[in-house]
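Subject: Structure for your review

Dear colleague,

Please find below the structure I promised to hand over. My findings follow directly after it, and I would be grateful if you read them with the model open.

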Amino acid sequence: MQISDINDAIRENRVRITDHADEEAREDRLTIGDVFFSVLHGEIIEDYPTDKPYPSCLVYGRTADGNPVHTVWAYNEANSWAVLITVYRPDPSRWIGWRERRRMQ
């Protein structure tokens, strides 16, 4: 999976948003527009190729206001649909530069 696959799905309205992702976005005061913007200008920072039912990945991006956002996406290559699994504002105590997980002691 590549970021371009997810971006194409967003641009072509081939996205499913889980209830969990919708709830998490609202809790973090993020709109779906914020989420999509962050992905369209973001990068994949972790891959989860063995996830079921579809491979998934963690995307790091920023809102138009420059705030960091992490999103987890699954991608169905058979029909080119992307699924937004979750979204959150990353905790700086858990991330280095928003791209690398800190080792927990």
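This is a predicted model: local features need pLDDT of at least 70, side-chain atom pairs count only at pLDDT 80 or more; totals for chains, interfaces and linings use all residues.

Where is the place of Ser80? Ser80 sits in the loop between E4 and E5. Its backbone deserves a look, for the phi of Ser80 is near 65 degrees, a positive value in a residue other than glycine.

Overall architecture

The protein contains three helices and seven strands. Read from the N terminus, the order of the elements is α-β-α-α-β-β-β-β-β-β. The radius of gyration is 13 Å, close to the 13 Å that the globule rule gives for 105 residues, so the protein is as compact as a globular protein of that length. The C-alpha trace spans about 40 × 30 × 25 Å along its principal axes.

Of the 105 residues, 36% count as buried. Among the contacts with a separation of 6 or more, 50% are made by residues 24 or more positions apart. The accessible surface comes to about 6,400 Å², and carbon and sulfur atoms hold 45% of that surface. As for charge, the protein has 13 positive and 18 negative charges, whose mean positions are 4 Å apart.

Helices H1 and H3

Helix H1 covers residues 3-11, and its buried residues include Ile6, Asn7, Ala9 and Ile10. These residues lie on the same side of H1, because they cover an arc of only 160 degrees around the axis. The partners against which the buried residues of H1 pack are strand E1 (15-17), helix H3 (32-40), strand E3 (56-62), strand E4 (68-76) and strand E5 (81-88). Just after H1, Asn13 adopts a positive phi of about 60 degrees.

In H3, the buried residues are Val35, Ser38 and Val39. Their arc around the axis is only 95 degrees, which puts them on the same side of H3. The buried residues of H3 pack against H1, E3, E4 and E5.

Val59 is placed in strand E3. Its relative accessible area is 1%, so Val59 is buried. What does Val59 touch, not counting residues up to four places away in sequence? Its contacts are Ile3, Ile6, Val39, Gly42, Glu43, Ile44, Val69, His70, Thr71 and Trp73. One of these, Val39, is 20 residues from Val59 in sequence, while the two C-alpha atoms are 6.7 Å apart in space. Val39 is also one of the buried residues of H3, and Ile6 is one of those of H1.

Thr63 belongs to the loop between E3 and E4. Is Thr63 buried or exposed? Thr63 has a relative accessible area of 6% and is therefore buried, the limit for that class being under 20%. Leaving aside neighbours within four places in sequence, Thr63 is in contact with Leu30, Asp34, Phe37, Ser38 and Val69. Val69 is also on the contact list of Val59, and Ser38 is among the buried residues of H3.

Ile96 lies in strand E6, which comprises residues 95-96. At 38% relative accessibility, Ile96 counts as partly exposed. Ile96 and Thr63 are separated by 33 residues in sequence and by 18 Å in space, C-alpha to C-alpha. In the loop between E6 and strand E7 (100-101) one finds Trp98. Trp98 has a positive phi of about 65 degrees although it is not a glycine.

A cis peptide bond

Which residues are joined by a cis peptide bond? The bond joins Lys52 and Pro53, with omega about 5 degrees. Pro53 is located in the loop between strand E2 (43-48) and E3.

With kind regards

Technical notes. Residues are numbered from 1 along each chain as its sequence is written. Side-chain values use heavy atoms; hydrogens and water are left out. Helices (H or I, at least four residues) and strands (E, at least two) are DSSP runs, numbered from the N terminus. The radius of gyration is taken over C-alpha atoms; the globule rule is 2.2 Å times the number of residues to the power 0.38. Buried means under 20% relative accessible area, exposed over 50%, partly exposed in between (1.4 Å probe, protein chains only). Contact means heavy atoms within 4.5 Å. Accessible areas come from the Shrake-Rupley method with a 1.4 Å probe; for residues, only the protein chains shown count as cover. Lys and Arg count as positive and Asp and Glu as negative; His and the chain ends are not counted. The place of a charge is taken as NZ of Lys, CZ of Arg, CG of Asp or CD of Glu. The arc is that of the directions from the helix axis to the C-beta atoms.
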